[in-house]
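Please keep the sequence and the three-dimensional view at hand while reading.

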Amino acid sequence: MSTYRVTVLPGDGTGKEVMLESMKVLDIFHKFSPLSFDITQIPCGGEYYLDTGEEWPKGSFEFCRDQSDAILLGAIGWPNAKLPNGDNAGGQCILGLRSGLDLYANIRPVKLYKGIRHKVHGQFNDIWNPKLVDLVLIRENTEGLYHSLLRRSAQAAIGKKDSPMEIKNFPGLEGEVAWDPRPISRSGSERVIRFGFELAKRRSDTHRKKQKLTCVDKSNVLRGCRLFRKIFDEISEEYPEIETSKAFIDAFTMWLVRDPEDLDVVVLPNMFGDIATDLASVLQGGLGMAASANIGDNHMLFEPVHGSSPKYAGKGVVNPIAAISSLQLMFEYLGVRNNDSIATQCSTILDTAISTHLSSRKLMTYDLGGNASTSDVGDSISQICKESLISHYSNE
Ligand code: IPM
Ligand code: MN
């Protein structure tokens with residue numbers, strides 16, 4: 001029986017509200033499954049910064065690094081909460097962790113559950129098309145256009161000053177110029193692309209369907225992307241059993257909206273992945289449904305893709321499913337990482353509970369066309385999990 005140390009960073013605004021619901025569900029697994037969880041909550045984010053002048057308490061980065069098997073994050077970002085250098089306050093707690101813990105693969109599944117309307121064609125997918133949208137976007141998470149911001153946030157998290165890159169002039173440009181370098185490295189690309197092939201392999205087993213891996217870049221124009229694609233081609237030779245395809249990001253966005261059922265696993269450089277994943281969320285009912293896992297070789301962090309939505313904060317109306325699905329990803333990756341079949345089973349139980357809740361088409365939040373509250377949804381999914389865990393484990 002395993003005990004996992006889970007560090008919880010609720011963050012700002014609705015991040016705190018959806019995290020409460022994830023905690024309800026986690027508590028059910030703690031009580032009714034063979035797993036147990038040792039939970040530490042740490043306040044953080046833009047609101048915390050406005051109150052205290054710090055993004056999180058001192059020592060928080062080290063706690064996440066040294067004393068956590070998994071980290072759960074709500075959402076970061078609050079209006080007017082800016083650092084003196086102009087960056088958003090709270091960056092340490094998300095970008096600092098992504099970079100400082102080397103969480104190089106940002107996994108963003110896009111799955112349309114039964115009972116949810118596809119937000120492009122407006123149909124329930126089970127009626128419209130027997131093939132369900134079920135793909136995973138893998139966003140490179142430590143370099144590319146985010147590189148300098150990631151680095152400054154990670155340096156701040158360990159209390160060091162960043163040494164920014166300097167450039168003297170931009171030939172052909174005059175006056176004030178702001179720029180963000182976009183370095184793409186061989187080692188950074190190799191590890192995330194290899195992760196993509198391994199995930200395609202694993203999903204070929206779990207989905208009982210051969211998975212294709214698609215490389216998305218802009219290698220017709222950009223040197224960094226040329227390197228990324230070259231490495232994709234090299235690594236694909238090691239995986240002859242995985243079918244591959246390649247696309248430029250501009251055409252890919254069209255393909256993603258038009259034929260999402262053709263896609264399985266997709267790997268993209270950082271900023272393209274950021275943009276494509278918000279777009280892809282409309283295929284699964286919106287950002288209220290979009291979960292993510294930030295995975296590195298030694299650490300992992302799970303968070304909904306959505307932000308802190310200050311406009312809705314305090315109203316108790318946002319959809320907690322993206323956060324609860326992020327918890328499901330935590331079980332899945334605890335299972336993979338620790339070879340823990342109980343954690344894998346818990347991941348399936350939670351996924352089935354979410355699916356059962358949604359297919360009843362009751363207790364939906366406003367984004368899914370209903371008027372249920374955030375806690376109604378958390379309660380419903382917790383109750384389904386409890387029944388299922390009792391029937392699963394009570395005679396064992
Ligand atoms: C995301 C978010 C973050 C990002 C923000 C909050 C820094 O948009 O996780 O996609 O840009 O990566
Ligand atoms: Mn984003």
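## The pocket and its ligand

A molecule is said to sit in a pocket if more than half of its atoms lie within 2 Å of the grid points of that pocket. In this model, which is predicted, ligand 1 sits in the largest pocket.

Around ligand 1 are the residues Arg 98, Arg 108, Arg 139, Tyr 146 and Asp 274, and this shell divides into one nonpolar residue, no polar residues and four charged ones.

## Polar contacts of the ligand

In the side chain of Tyr 146, an N or O atom is 2.5 Å from an oxygen atom of ligand 1, while a polar side-chain atom of Arg 139 lies 2.9 Å from an oxygen atom of the ligand. For Asp 274, the distance from a polar side-chain atom to an oxygen atom of ligand 1 is 2.8 Å. Ligand 1 taken alone exposes 320 Å², and the protein buries 71% of that.

## Positive phi angles in two loops

Ser 309, a residue in the loop between strand 10 (300–304) and helix 11 (321–338), has a positive phi near 30 degrees although it is a residue other than glycine. Because its relative accessibility is 25%, Ser 309 counts as partly exposed.

Arg 361, likewise a residue other than glycine, has a positive phi near 55 degrees, and its place is in the loop between helix 12 (341–359) and helix 13 (374–393). With a relative accessible area of 49%, Arg 361 is partly exposed, since that class lies between the limits of 20% and 50%.

Notes:
Residues numbered from 1 in each chain as written. Chains lettered and ligands numbered in written order. Predicted model: local features only at pLDDT ≥ 70, side-chain atom pairs only at ≥ 80, totals over all residues. Heavy atoms only, no water. Near = heavy atom within 4 Å. Polar contact = N/O pair within 3.5 Å; in protein donor to acceptor, adjacent residues only side chain to side chain. Areas by Shrake-Rupley, 256 points an atom, 1.4 Å probe, with all protein chains shown as cover. 1 Å grid on protein atoms, 1.4 Å probe; cavity = no way out; pocket = protein on both sides within 12 Å on 5 of 7 lines; lining within 4 Å. Nonpolar A, V, L, I, M, F, W, Y, C, P; charged D, E, K, R; others polar. Helix = DSSP H or I, 4+ residues; strand = E, 2+ residues; numbered from the N terminus. Buried < 20%, exposed > 50% of the residue type's maximum accessible area, 1.4 Å probe, protein only.
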